[in-house]
Amino acid sequence: MAMNPSKAQDVWKDIGKSVQFTVLELKRENQAHEQEVIQEFADRYQAIIRSLRIRNGDGYLKASFGISNDAWDYLFPNAPKPKELETYETISGPEYSMPASKGDLFFHIRADSEAYVYEAMSQFRRLLEDITTVVDETKGFRYFEGRAIIGFIDGTEAPQVEDAADYAIIGDEDPFFENGSYAFAQKWKHNMDFWNHMKTEEQEKAVGREKFTDLELEDEDKFKNAHNVASKAEIDGEEQKIVRMNVPYSDPAQNNTGTYFIGYARHWKVTKMMLQNMVDKSDFLLTFSDILSGQLFFIPSRDMLDKIADGELNK
């Protein structure tokens with residue numbers, strides 16, 4: 001088997017217009033029963049997506065379903081495990097930290113219409129509600145021109161679409177889990193009053209790019225802890241990339257506005273290095289943000305979902 005993006009879940013495509021992230025926790029009351037439910041879910045999950053794409057007409061519905069390290073050990077105790085799957089632990093630097101939070105199952109659903117996001121998650125939840133509780137549910141949206149909520153164009157640091165699969169999907173370095181992906185999910189809450197009171201020139205220094213044109217600033221014109229400096233990861237002098245999406249969410253009346261970050265990667269170690277660099281260099285974005293959650297999940301390939309559905313991982 002070779003890397004084949006068509007066998008992967010939707011881990012490198014755009015964030016969509018209506019977006020929902022849901023994190024569930026297994027009840028861990030009856031292991032055998034929960035294993036059976038997950039087998040059934042793995043089978044019906046893909047059928048639900050196919051059905052909704054037909055109903056949608058234009059076919060635009062994208063979804064990713066992931067499983068944490070602890071959940072993998074609980075659901076498939078005798079099965080192999082992805083090489084880089086681990087339980088995410090809080091990453092700390094001199095001033096800031098990126099906390100870990102609980103979560104066993106993860107969903108990232110997006111569509112052009114909120115109706116299809118709602119219907120997909122409603123059907124998933126019907127199948128899983130007996131064995132899970134909800135940890136977090138966050139609804140996101142596409143901001144103007146696909147910008148992040150802080151007003152800068154998103155995705156500049158991500159690879160080109162035609163190259164993205166190579167950075168997002170596991171290859172022959174882990175053959176049993178080929179076409180899977182490592183997803184890191186992190187919820188940020190921003191102090192938008194602080195940010196909005198900064199002059200545009202200062203915001204640009206903080207991000208490292210021009211706000212309107214998206215052109216990168218010269219190094220001497222950036223803050224030393226500019227976001228595009230602090231979040232850079234290099235191995236042997238070569239910059240590493242992941243597929244990253246920064247999804248705005250907001251309840252304006254509650255003064256609750258932030259970014260739900262999702263990073264899909266072929267190698268979790270690359271994402272982890274980026275996160276460590278951000279806290280080590282005190283990324284400017286951390287000065288006006290609270291990080292509310294952080295979890296690592298493995299996103300099985302569609303073939304792996306079939307193996308789960310057939311009970312092959314529970315033998």
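What you're looking at is a predicted model, so local features need pLDDT of at least 70 and side-chain atom pairs count only at pLDDT 80 or more, while totals for chains, interfaces and linings use all residues. Numbering runs from 1 along each chain as its sequence is written, and side-chain values use heavy atoms, with hydrogens and water left out.

Start with aspartate 104, which is buried at a relative accessible area of 4%. Aspartate 104 makes a salt bridge (a side-chain nitrogen of Lys or Arg within 4 Å of a carboxyl oxygen of Asp or Glu) with arginine 28, and their closest N and O atoms are 2.6 Å apart. Follow the chain and you'll see that this pair links distant parts of it, 76 residues apart: aspartate 104 sits in the loop between β4 (97-98) and β5 (105-111), arginine 28 in the loop between β1 (18-26) and α1. Helices (H or I, at least four residues) and strands (E, at least two) are DSSP runs, numbered from the N terminus. Arginine 28, at 34% relative accessibility, is partly exposed.

Another set is worth a look: Arg209, Asp214, Glu216, Asp219 and Lys222 are linked in a network of salt bridges. Within it, aspartate 214 pairs with arginine 209, with closest N and O atoms 3.1 Å apart. Aspartate 214 is buried, at 14% relative accessible area, and arginine 209 is buried too, at 12%. Lysine 222 bridges to aspartate 219 with 3.4 Å between the closest N and O atoms; here lysine 222 is buried at 9%, whereas aspartate 219 is exposed at 60%.

Just after α6, glycine 208 takes a positive phi of about 95°.

On to the nonpolar cores, meaning sets of buried Ala, Val, Leu, Ile, Met, Phe, Trp, Tyr and Cys residues joined through side-chain atoms within 4.5 Å. The largest has 72 residues, of which Phe107, Phe124 and Trp195 touch the most other members. Helix α1 (residues 31-56) gives the largest share of this core, 8 residues. Apart from it lies another core of 22 residues, including Trp12, Val23, Ala168 and Ile262.

Finish at phenylalanine 184, in strand β7 (residues 181-190) and buried at 0% relative accessibility. Setting aside neighbours within four places in sequence, phenylalanine 184 contacts residues including Tyr88, Ile262, Trp268 and Leu296. Phenylalanine 184 and isoleucine 262 are 78 residues apart in sequence, yet 5.7 Å apart in space, C-alpha to C-alpha.

Terms used:
Buried < 20%, exposed > 50% of the residue type's maximum accessible area, 1.4 Å probe, protein only. Contact = heavy atoms within 4.5 Å.
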